[in-house]
Amino acid sequence: MVVATLLIAVGASDVARLVLGAALGWRRDRLLGTAVGVVLGAAVALGVGIGAWVAVLLFVPVWQSATRPGRHRAAAAAVGLLGLLVVAVLALGSLQPSPQGPVVTWYDALPYAGLAAVPPEVAAIVAGSILFLIESANVVVRLALAPLAAKEATAERRADDGAVLFRSPDDVLELPLPGGRLIGPLERILILALALAGQFTAIGAVVAAKGIIRFPEISKDSAGGSKAEFFIVGSLASWVLVGGAVALAGLGSA
């Protein structure tokens, strides 16, 4: 359950940064996100073991610092470190302690018959995956798009008066397909829910519908097909993350 705790802490920190920081208008939104992630992660870590505590207390501040806009190398290192932590914890397997504590007790006491067949570890992984896929996954997607954005940013852009305009990679990442930062999380969560329910035909329909909806915009691309590249790479990155979440849920129920 260490992986689930880490995903919950990281995901909650980014959701808090995104939602509460914007609502309160507080400029130190990453400090707020770090605080929420650490507190929630520490609460879940009660009864999980010292490893979960250490992972939450050390990694969440690092994640929030490394994923600031424009810090692509630091963000890549943070994503790589998160992947290594997940693999290391999974490699321990049966050495991990059985989850206990107030969160597990609260979950077991929920009056929903459908949850009786869902172990606390799986429920925690699904909850952590949903939180991570809302905003934290956008960090991974932006990293996947960064090479395309860098190529786009170095190209000369001319205004109507003939002046040459240059944009940074971060600016380019916001341009190609408007609404992607909102559609992406909704798509990831929908596909995750369908996959966990075994509705793989419906997943194919969602993927096909996305392509149909985006086709008119992509077909009008006059910049050498860059929008198509952004669409394909961004979609594949999102789907890989959802596949990883489904795999974690499957391992949790094994």
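This is a predicted model: local features need pLDDT of at least 70, side-chain atom pairs count only at pLDDT 80 or more; totals for chains, interfaces and linings use all residues.
1. **Helix H1, geometry.** H1 covers residues 2–24, 23 residues in total. From first to last C-alpha it reaches 31 Å, close to the 33 Å expected at 1.5 Å a residue. There is a bend of about 25° at Ala16.

2. **Helix H1, burial.** This helix is mostly covered. Of its 23 residues, 17 are buried.

3. **Arg17 and Asp14.** These two side chains meet in a salt bridge, at 3.3 Å from N to O. Both residues lie in helix H1, three residues apart, so about one helical turn separates them. In general, an α-helix has 3.6 residues a turn, so residues three or four places apart point the same way. Asp14 is buried, and so is Arg17.

4. **Arg17 and Glu135.** Arg17 also forms a salt bridge with Glu135, with the closest N and O atoms 3.5 Å apart. This pair links distant parts of the chain: Arg17 sits in helix H1 and Glu135 in helix H6, 118 residues apart. Arg17 has a relative accessible area of 11% and therefore counts as buried, the cut-off being under 20%. Glu135 is buried too, at 3%.

5. **Glu187 and Lys210.** Here the closest N and O atoms of the salt bridge are 2.8 Å apart. Glu187 belongs to helix H8, and Lys210 to helix H9 (residues 200–219). The two are 23 residues apart, and the pair links distant parts of the chain. Both residues are buried. The count for the model comes to three salt bridges.

6. **Nonpolar core.** The largest nonpolar core has 47 residues. Val10, Trp63, Leu82 and Phe132 have the most contacts inside it. Elements giving two or more residues to this core are H1, H2 (29–45), H3, H4 (72–92), H6 (120–154), H8 (180–196) and H10 (226–252). H6 gives the most, with 10 residues. In soluble globular proteins, nonpolar side chains tend to be buried together.

7. **Nonpolar surface patch.** Leu46, Ile50, Trp53, Val54, Leu57 and Leu58 make a nonpolar surface patch of about 560 Å². Val54 is found in helix H3 (residues 50–66). Is Val54 buried or partly exposed? Its relative accessibility is 41%, so Val54 counts as partly exposed.

Methods:
Residues are numbered from 1 along each chain as its sequence is written. Side-chain values use heavy atoms; hydrogens and water are left out. Helices (H or I, at least four residues) and strands (E, at least two) are DSSP runs, numbered from the N terminus. The expected span of a helix is 1.5 Å times one less than its number of residues. The bend at a residue is the angle between axes fitted to the seven residues ending there and the seven starting there. Buried means under 20% relative accessible area, exposed over 50%, partly exposed in between (1.4 Å probe, protein chains only). Patches are made of residues with over 30% relative accessible area and no salt bridge: like charges are joined within 9 Å, nonpolar side chains (Val, Leu, Ile, Met, Phe, Trp, Tyr) within 5 Å. Accessible areas come from the Shrake-Rupley method with a 1.4 Å probe; for residues, only the protein chains shown count as cover. A salt bridge is a side-chain nitrogen of Lys or Arg within 4 Å of a carboxyl oxygen of Asp or Glu. A nonpolar core is a set of buried Ala, Val, Leu, Ile, Met, Phe, Trp, Tyr and Cys residues joined through side-chain atoms within 4.5 Å.
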